[in-house]
Amino acid sequence: MTKYRPPVVLRSLVARDRLADVIRAAGRRRLILINVPSGYGKSTLAAQWRALRMREGVAVAWLTVDDDDNNAVWFLAHLLESIRMIRPALAASLAQVLEEHGDDSARYVLTSLIDEIHHNDDRITLVVDEWHRVSDSQTTAALGFLLEHGCHHLQLIMTSWSHAGRPRLVGRRRCGAGCLNGRVGGRPTARYFVLTRRCRRLKPARSACGANDVIGEFLAESVLDTLEPEIADFMLATSITERTCGALASALSEQPRGLAMLEEVARRGLFLHRVDDHPGWFRITSCSPNS
């Protein structure tokens, strides 16, 4: 995997035809935001959509955001490089301008990029994956400028589990924005977390988990194994109830910082959201789109 192409998946994937149809229905809206919790397959969906569009002859650039992109100059440099991966002649001199003049050249670089894309009359789609990693206001402003002033030739597809930065981007009606939001409530996620825990404890009898073993494996590989042990253990201990609060979470996990831990898990978008009408309570979100 690099910053400029989707993650490489070694196992076969289920085609997400229904979700692809939802994105297709958005047409050439300037911004499409795929906003769902961790582990729901945001990047996989974006990668499948990219493959479909490329087969249709559309130029699709890919940029996976990382911590370096919390610097606006670095973000713009990566943005230019991702576009040049599919259009090498486009904005050829802008990277050097950015390197020589830094922050002072950001507005010039963005304006020049927009103008070149328009004058070339070439439709480009740019996937910005893992946008939730960005917290820097200047980086967010740079992408906001691209959305506000860009033309119909450039379409952005962004994936994120966080709402950070979303009002400043999706809230701009003039850019034409669509959102694919996967916040659905229910108990299946809790069952899958418990399933994963049981499968790990009973490795010799792993097949006894039945068809849901695939889901348990996916959660283990894509979510739980990437977390700090304290967070993963807390999530597993508290996943047996549909709703929870600080005191209940502390009792279940034997963790005195129950409320603080819940807030951290919710902040990361890890299958947990606040209950709007009950302050201090949280709901586990579902892995099942039909729940």
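This is a predicted model: local features need pLDDT of at least 70, side-chain atom pairs count only at pLDDT 80 or more; totals for chains, interfaces and linings use all residues.
Biologist: Which residues of strand β4 point the other way from Leu 154, Leu 156, Met 158 and Ser 160?

Modeller: Residues are numbered from 1 along each chain as its sequence is written, and side-chain values use heavy atoms, without hydrogens and water. Both groups are buried (under 20% relative accessible area, 1.4 Å probe, protein chains only). The other way point Gln 155, Ile 157 and Thr 159.

Biologist: Why is β4 largely enclosed by the rest of the structure?

Modeller: Strands here are DSSP E runs of at least two residues, helices H or I runs of at least four, numbered from the N terminus. β4 covers residues 154-160. It is largely enclosed because the number of its residues that are buried is 7 of the 7.

Biologist: Which residue of β4 is the bridge partner of Ile 34?

Modeller: Strand β1 (residues 31-35) runs parallel to β4, joined by 5 bridges; pairing takes at least two. Within β4, the partner of Ile 34 is Thr 159.

Biologist: Which residue stands opposite Leu 156?

Modeller: Strand β3 (residues 124-129) is also parallel to β4, and 5 bridges join them. Opposite Leu 156 stands Leu 126.

Biologist: How is helix α4 oriented relative to helix α5?

Modeller: α4 (residues 94-101) packs on α5 (residues 106-119) at about 175°, with axes 10 Å apart. Axes are fitted to C-alpha atoms over the stretch in contact, and angles between N-to-C directions run from 0 to 180 degrees. Over 145 degrees counts as roughly antiparallel. The orientation is therefore roughly antiparallel.

Note on methods: Buried means under 20% relative accessible area, exposed over 50%, partly exposed in between (1.4 Å probe, protein chains only). Angles under 35 degrees count as roughly parallel, over 145 as roughly antiparallel, 65 to 115 as roughly perpendicular and the rest as oblique.
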